[in-house]
Amino acid sequence: MAKNATQNKLVQTKKDSDYRYTIRLKAGKFGLLEAISKFDLHEFRLFGTMLTMIQPTDSEFSSTIINVGDVVKLFALSRGARNYDDIRTAALRLQKKFLEVYEEIDGIPYKTTVPLLDQSSEPLNARDRNHIRVKFHAKLKPYLLELKREYLTADLRNVVGIQSIYTIQMYAVLKNQFNLGNKEPKYSLERLRDILSISPELYVKYGSFKQQIIMRAVRDINTYTDLEVKELVETKQKRQITSVTFVLEGKTVVRWQTLPKAEPGQVELEFTPVEVIDQPNEQESVDAQVEEKAVNGLVDELYELVERFEISRRTVEEWVEGLPEQQIRLGIDHVLTELKNGVKIKKSIASYIVAMVHSTKLSDDVQAKEKQKAERTAHQQRSQQQQLVFEQNAAAKATLLDQYENERRVELISAFRKSADLYRRYLEHLRGNQEKPGLGMSLSSVVASQLTTAMSGQNSKDAFMAAITNAGYGLLYSDLIHWYEQQSPKALAQIREKYAVVAQSLGVQLH
């Protein structure tokens, strides 16, 4: 018995953690902050849910039982079967996941590969497949349990609605800098790629990296979190973007999950400082000789494309001095593409190139397409936000009603347990209704039949209490709570008043 009791204490469920939202993990140079980008979105959600179940006082990892519905609820996901299956399979992938962490051993820096999980178990019976059992690997203790300094504390509700693991990590890094008082953190592109663990072969061109990673993160952060990126400032060196500065402001977040006894609605984060990229030592103004060399290089490149059409170098120099580089390239590329496709040009090719280079139509078309794409993206973001708000509101309503009905049930059972004859009066009420004339079997007869079955033929208060305690919220409970409310209206009225304000704000009718 003693052994079983000890084992039970090492098995933790989400219920034991009282639906907390807080996660804690080692950050800084030798932490896990940069390792989370190794996860896909469902893996991170499961990982984050596991982190919320670690208590600050824990010294060992527990075998954790996670109800898949808790993960769905925590991240305000739809309750479709697809999400449940994705989370279950994410547990199996986490079993094979390794984290790369940096540490010093005897003063020598190492990159260490640490397994994430010690175990991942999935029930064999279909009826039990609503939960999974997982346990962190013991080698993660220094990163998740033995936290004395340089650790991150965060509320997972900050990232509900965000669909990119890169955005989640970038939000954490920027929020850290904001909390440190740095409202204009500056990062080199190389450092950003390191933080997000983006391999060199992905998003090679800055334009792709900016649109797919940076701007998506900015839009998501501005839409879902308590932080706002007011401006993105790019720094150039030799006509190349080398770093970006995020101009930050904080904003208030209204959380739908705020209910009695819930976690505070305003999110607070304590992030450990990560490496701060200081202002570069590059000169504020580029040396005139270096700048001239860069300009000459661009002229040489463009002149090589049009020289065969008897366009002078001086003409190309005038283009570079007075026109945007993108406009020049679009004009030249347009004519060369037409020639390659066999399009007949009526006037001289040189004149046609000059005309297309000076025309803004091509660049306007590109900008129009980019604007349409941005508008479609913004519309999609608004739709996603509206759906998120709807789902969060529905989850808040369900939570409120669960809490309300549970409290009424506790009051009901307590009243019957304290009273010597209350249950006899209820049985008399059932018998009296059964004796009333009517067609067919009366509702009270059905309830009485269910109660008799639940009491296993015994006629005692203990049998009655056991029956109503295990009755759930079916027909027997509905009849019983209705009858009790008629007997003791004040007791249940006090509970209704307690939840009335929140219920009204959510548009919920309490019965």
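How many helices and how many strands does the secondary structure of the chain come to? The count is 18 helices and 11 strands. Keep in mind that this is a predicted model.

Start with the whole chain. It has 511 residues, and 41% of them count as buried. The accessible surface comes to about 29,100 Å². Carbon and sulfur atoms hold 50% of that surface. Now take the contacts with a separation of 6 or more. Of these, 71% are between residues 24 or more positions apart.

Next, helix α18. This helix covers residues 489–506, which is 18 residues.

Which residues of α18 are buried? They are Leu492, Ile495, Tyr499, Ala503 and Leu506. What covers them includes α13, residues 361–418, and α17, residues 475–487. Look just after α18 as well. There, Gly507 takes a positive phi of about 75 degrees.

Last stop, the surface. Ile105, Ile108 and Tyr110 form a nonpolar patch there. Together they have about 260 Å² of accessible area. Find Tyr110 in strand β5, which runs over residues 108–115. Why does Tyr110 count as partly exposed? Its relative accessibility is 40%. Buried means under 20% and exposed means over 50%, so at 40% Tyr110 counts as partly exposed.

Technical notes: Residues numbered from 1 in each chain as written. Predicted model: local features only at pLDDT ≥ 70, side-chain atom pairs only at ≥ 80, totals over all residues. Heavy atoms only, no water. Helix = DSSP H or I, 4+ residues; strand = E, 2+ residues; numbered from the N terminus. Expected span 1.5 Å × (residues − 1). Buried < 20%, exposed > 50% of the residue type's maximum accessible area, 1.4 Å probe, protein only. Contact = heavy atoms within 4.5 Å. Patch = residues over 30% accessible without salt bridge, like charges linked within 9 Å, V, L, I, M, F, W, Y side chains within 5 Å. Areas by Shrake-Rupley, 256 points an atom, 1.4 Å probe, with all protein chains shown as cover. Salt bridge = Lys/Arg side-chain N within 4 Å of Asp/Glu carboxyl O.
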